[in-house]
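Subject: Structure handover

Hello,

Here is the structure for you to look through. Some notes on what was found in it follow below.

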Amino acid sequence: MKSKRLKMALQKFSEARIEGGLEDGFEVMNLDEASSTRGGNLAGCTCNNGSNYTTKPPDCTCNNGSNYA
Amino acid sequence: MIFKLSKYIVVTDVLDPNSEKQQRIIFSTRSGISALIEDAVYQKLQVGDFTGLGNNVLSRFMDYEIIVNNEEDEFQEILKLNKLGVKDTKSVSMTIQPTANCQLGCFYCGQVHSKQTMSADVQEKILQRLIYQLDRQRDTELVHTTWYGGEPLMGYSAIINLSNRMQEIARDRGLAYGAYMITNGLSLKKDIFTELYLHHKITRFQITIDTVKEHHDKRRITKKGESTFDIIMKNIVEICALEHYQARVKHPIFIRMNVDESNYQHVTEFIDYIVSLGLKDKVEMGFFPISNWGDKNAGDEQGLTTNEFAELEIEWLMYMQEQGFTMEYILPLRNYDVCMVVNEASEVYDATGNITPCYEFPYTPKYEDKKYIIGNLLEDESTYNNKTQVRGWYDDLATCNVSPKCSKCNLFPVCNGGCPKDWYNGEVKCPTVKANIEDKLVLQYLMDKSSLKTLM
């Protein structure tokens with residue numbers, strides 16, 4: 001991190017935050033924004049081998065012949 | 001091993017090294033997903049210990065393209081999806097320059113202006129070209145126009161005529177229609193704004209103000225040397241006061257600041273000025289580095305370096321947050337079309353009838369060569385060159401004919417090379433996000449998780 005002001009803001013935030021663990025050690029922060037450019041809603045339309053969609057939800061056709069979970 | 005960690009990820013340092021639960025932010029540029037991740041999990045990813053993650057987590061990492069198939073050539077896969085994404089835009093997008101004229105004589109502008117405005121013949125041909133594009137691309141859902149110049153408002157009657165006719169064509173085919181305008185703001189009086197906004201569906205007016213009056217009036221002056229700051233700001237204030245100003249969108253006016261070493265110290269002062277006018281909830285603002293436009297070398301002569309600009313940008317974004325501007329999302333998104341040049345359904349039409357794939361080409365001596373021009377609307381279509389240099393950007397990347405650095409860059413899926421014409425010109429310049437993505441990830445995290453204002 002290069003910005004000193006940002007570093008200080010992060011430090012202040014960390015000090016004030018009540019720490020909690022992450023479920024699965026992982027927490028997505030921007031599902032809606034990321035989904036907007038990825039052919040639809042990732043939450044409602046998830047391809048099962050990391051492939052992308054060839055049609056948008058609600059059809060949810062995955063490419064490479066994969067299915068969606 | 002069946003899987004591998006994608007090379008298209010960005011990871012921050014541990015956010016709080018003193019904490020028991022050490023966490024980082026991980027950002028997949030292939031999916032655009034950013035996530036908090038415990039360092040222990042990240043270490044497993046790094047050493048390829050995927051079985052230790054458990055099926056649920058493994059499956060999610062695959063969904064978010066943080067883990068990918070081991071055999072996959074990721075760069076080629078991204079390019080393949082980019083091409084599919086471009087085909088899937090379902091829109092015909094036109095940039096129309098109704099005049100080659102402009103009142104201003106900005107020192108950094110690469111265009112050479114003349115009094116030529118768009119003839120009725122050229123306007124008719126644009127409409128025919130639109131119909132051709134719609135017939136060719138049957139799944140089109142949206143017709144979109146960007147009005148550009150010179151100064152587009154100096155070709156006002158052509159705008160009104162074309163806009164009426166294009167809206168009619170869209171309506172007849174059951175398609176949506178929308179428009180943007182890039183204007184210097186000098187002639188954008190409130191009545192003109194009202195007409196364009198309410199009746200011609202222009203919902204975004206980009207107006208350039210190069211920070212405070214003192215600096216703006218040194219560079220964005222008329223060809224006779226007259227200052228313009230007060231007139232443009234008066235127009236903006238009057239427009240923002242209109243009752244219907246936010247009737248269609250929240251921020252119809254976008255203020256662009258071109259920043260270089262002569263005015264970067266005045267950006268926060270200009271932000272304060274906008275706040276003092278009561279406009280912080282009415283306009284959107286953005287900062288852009290001065291570059292070499294056309295034959296002008298303003299970027300080399302007085303531009304900031306990418307690193308300098310990137311660092312300043314973070315400070316400005318934080319300052320705007322502090323002043324109460326609404327900013328919801330600052331991270332780059334997965335981007336399939338680098339810009340208009342890769343999309344055959346996206347063309348620029350200038351006042352002479354020339355068709356080009358990039359809006360920086362018209363009226364610019366540097367780009368007069370045939371390799372930059374698709375053709376002229378007044379000539380037979382058989383003379384058109386559909387393989388102009390920049391249109392081949394993704395194919396040239398795939399064969400490493402140009403920009404070999406891009407295939408190795410972890411930001412490629414959100415950047416796609418930035419500006420293809422610059423690479424073809426041998427002017428290698430990565431976007432500033434390359435130099436400040438980690439800071440942006442942290443800033444977005446703080447914006448999401450806290451009231452950032454209270455932390456500064």
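Which residues in α5(B) meet which residues in α6(B)? Before the reply, some conventions. This is a predicted model, in which local features need pLDDT of at least 70, side-chain atom pairs count only at pLDDT 80 or more, and totals for chains, interfaces and linings use all residues. Residues are numbered from 1 along each chain as its sequence is written, chains are lettered from A and ligands numbered from 1 in the order in which they are written, and side-chain values use heavy atoms, with hydrogens and water left out.

Helix pairs in chain B

B:Tyr156, B:Ile159, B:Ile160 and B:Gln167 of α5(B) meet B:Ile192, B:Glu195, B:Leu196 and B:His199 of α6(B) (contact means heavy atoms within 4.5 Å). These residues divide into five nonpolar, two polar and one charged (Ala, Val, Leu, Ile, Met, Phe, Trp, Tyr, Cys and Pro count as nonpolar, Asp, Glu, Lys and Arg as charged, and the others, Gly among them, as polar). Helices α5 (residues 156–172) and α6 (residues 190–199) of chain B have axes that come within 11 Å and cross at roughly 15° (axes are lines fitted to C-alpha atoms, for helices over the stretch in contact, and angles run from 0 to 180 degrees between N-to-C directions; helices are DSSP runs of H or I, at least four residues, and strands runs of E, at least two, numbered from the N terminus). That makes α5(B) roughly parallel to α6(B) (angles under 35 degrees).

Helix α11 (residues 306–322) and helix α15 (residues 433–449) of chain B pack at about 10°, their axes 9 Å apart. α11(B) is therefore roughly parallel to α15(B). The residues of this contact divide into seven nonpolar, four polar and three charged.

Buried residues in chain B

B:Thr211 lies in the loop between β9 (202–208) and α7 (213–219) of chain B. B:Thr211 is buried, with a relative accessible area of 0% (buried means under 20% relative accessible area, with a 1.4 Å probe and protein chains only). Not counting residues up to four places away in sequence, B:Thr211 touches B:His216, B:Phe229, B:Met257, B:Asn263, B:His266, B:Val267 and B:Phe270.

The largest nonpolar core has 106 residues, and B:Ile253 is one of those that touch the most other members (a nonpolar core is a set of buried Ala, Val, Leu, Ile, Met, Phe, Trp, Tyr and Cys residues joined through side-chain atoms within 4.5 Å).

Chain A

Chain A has two helices and one strand, in the pattern α-β-α along the sequence. Of its 69 residues, 41% count as buried.

Regards

Note on methods:
Parallel < 35°, antiparallel > 145°, perpendicular 65-115°, else oblique. Buried < 20%, exposed > 50% of the residue type's maximum accessible area, 1.4 Å probe, protein only.
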